[in-house]
Amino acid sequence: MTSTAQAPTSGARTAHPEHLGHVVFITAAAAMGGFLFGYDSSVINGANGGIQARFDLSSGVTGTVAASALLGSAVGAAIAGRIADRIGRIRVMQIAAVLFAVSAVGSGLPFAAWDLAAWRVLGGIAIGMASVIGPAYIAEVAPPAYRGRLASFQQAAIVIGIAVSQLVNWAILNMADGEERGTVAGLEAWQWMLGVMLVPAVIYGLLSFAIPESPRYLISVGRIDDAKKVLADVEGGTDLDGRVAEIDQAMRSDHKSTFRDLLGGRFGLLPIVWIGIGLSVFQQLVGINVIFYYSNLLWQSVGVDPSSSFFYSFETSIINIIGTVIAMIFVDRIGRKPLALIGSVGMGIALAAAAWAFSFQNGNDPLPTAQGYVALIAANAFVLFFALSWGVVVWVMLGEVFPNKIRAAALGVAASAQWIANWVITITFPDLSDWNLSLTYVMYAVFAFLSIPFILKFVPETKGKKLEDMG
C-alpha cells in the first residue's frame, strides 16, 4: 500500500468541529478490525485446555494449534496492501470480516486437531489483513491535525479485544459450570469460546458498509468527485480541488520500495533494517504472548481452579489496557527510547521474580502461598511494563525510523520478523514449560535485559523528528 500524503499547511486540512463526530465514527468502525485482531489472537487462551483434552494432544501439538493463526497472519499482512491498492480499503475490510466469520464457525465445529488448525490459519489471514488495513485506512481518512490521536484507536481496539475475549471466555466457562469441556446448548465450552467471534465479525462487516472509501484510493482510480465528497465530510474546507491535487501529487512522487532496496551493509541488509528487525524480535522474545495465549493453563498448572484462572486472565487484560493508555500519554512527552528502557528494566525484574516463584513448583502441586502471590504480581507487572513501553513504542518507531524511500518494504520485513518470532515463542512454550517453567522465564528475562544495550547502542530517538529527516 502506498504511504500517506504529507500534511498540508492550508486551513482546509483541519477538520471543523461539526465533522469530528463523523470522523470518530469512521475511525472506530475501521478500528473494529483491530478489535477482532486482539480478540482472535487471545481467545485461544481460554480454549487451549479444552482442545488439548478433547483431541488428546501433547503440549507441543497444543502449541502448534495455538500458533497456527500466526502463520496465516504473516500471509495476510503480506497480501493486504497490494489487494487494497487494487480493489480498495473497504473491500479488504469486508474480505477480512468474511474470513473472521468463516474461521469462527469452523473453529467452533472442528472434527480434528488439524481441521481446527486450518480454520485458525484462515482466521490468522484475517488478523494479518486487519493489522495492515486498519491503520492505513485511518491514516488516509483522518484529518492531519487529529491523525495521531485517531491512529491510537487501532492499538486501543486491539487491547480491548484481548480483554473482551477473556471476559467472554470467563462468562462461557461459568455457564458450563466451570468446566472447559462442559456443555452449553450441545457444544463444549471451548467451542463456544471460539465460535462467539462470529458476532464481532458480522458487526465489522456491517460497519464496513457504513463508512466511505479512502479518498486516496478514490483519487488513484479516477473517482475524483467521490474523493471530494469524502474529503468534505471528514475535513470540511472549500479548497477541495487543491486538496485533491495535493494528494495526487504526493502519490505520484511516492517511491514503491522493494526488498532489493533493503540490501547492503556488512550483513546483507542495511543497518537501519536490522534495527527494525531487532525491535520486532525483542518485542516477542520477552514472551509477552505466552501470557495472552497460555495464562489460563499457566495458572491452572500451579493450582488455581479454572474459573479463577479465567478471572486472572481478564484482570491481566485490563492491566494491559491501562499500560497502553499510559504509553499513549507519554510516548510523545518523554520520548521513545526512555519509555522502551523503562519497560525493559521493569519487564526484566518482573520476569526474574516470576522465575524465582515458579522454581518452587513441585509437579502439579500448588505453589506455596508466598510464591503464588509473587507469581501473580510479577505476571501483572510484566504485562504493565510491556504495555506502557514495547507494546506501543515498537509500532511507533517502526513507522518512523526508516527513510521514506525504503519505509514500506522495511516495514514489511520488520512485521514479518515479528510474526515469525511470535510464532516461535508460542509454539515452543508448552514444551519448555513442561521441561522447566522457571528456566523458561529466566530465558525471557535474559532477553528483556539484553534489549537494554540494544536500545542504548543501536536505536535512534525519533521523537520530534520529521520523517524526511530519517536516514
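A surface patch is made of residues with over 30% relative accessible area and no salt bridge, and nonpolar side chains (Val, Leu, Ile, Met, Phe, Trp, Tyr) are joined within 5 Å. A salt bridge is a side-chain nitrogen of Lys or Arg within 4 Å of a carboxyl oxygen of Asp or Glu. Accessible areas come from the Shrake-Rupley method with a 1.4 Å probe.

This is a predicted model, where local features need pLDDT of at least 70 and side-chain atom pairs count only at pLDDT 80 or more. Residues are numbered from 1 along each chain, and side-chain values use heavy atoms.

**Stop one: the patch.** Select V105, L109, L198, V202 and L206. Together they form a nonpolar surface patch with about 430 Å² of accessible area. Helix α7 (residues 198-208) gives the largest share, 3 residues. Helices here are DSSP runs (H or I, at least four residues). Now click L109, in the loop between α3 (89-108) and α4 (113-141).

**Stop two: the rings.** The whole structure holds 9 aromatic pairs. Rings of Phe, Tyr and Trp (its six-membered ring) pair if their centres lie within 6.5 Å; planes over 60 degrees apart count as edge-to-face. Select W356 and F360. Their ring centres are 5.1 Å apart and their planes stand at 70°, so this pair is edge-to-face. W356 is partly exposed at 42% relative accessible area, and F360 is partly exposed at 39%. Partly exposed lies between buried (under 20%) and exposed (over 50%).

Next, select Y441 and Y444. Their centres are 5.9 Å apart with planes at 80°, so they too are edge-to-face. Both sit in helix α17 (residues 407-458), 3 residues apart, or about one helical turn. Y441 is buried at 4%, and Y444 is buried at 0%.

**Last stop.** Select F282, F454 and F458, which form one aromatic cluster.

Conventions: Phe/Tyr/Trp six-rings, centres within 6.5 Å; stacked < 30°, edge-to-face > 60°. Buried < 20%, exposed > 50% of the residue type's maximum accessible area, 1.4 Å probe, protein only. Helix = DSSP H or I, 4+ residues; strand = E, 2+ residues; numbered from the N terminus. Patch = residues over 30% accessible without salt bridge, like charges linked within 9 Å, V, L, I, M, F, W, Y side chains within 5 Å.
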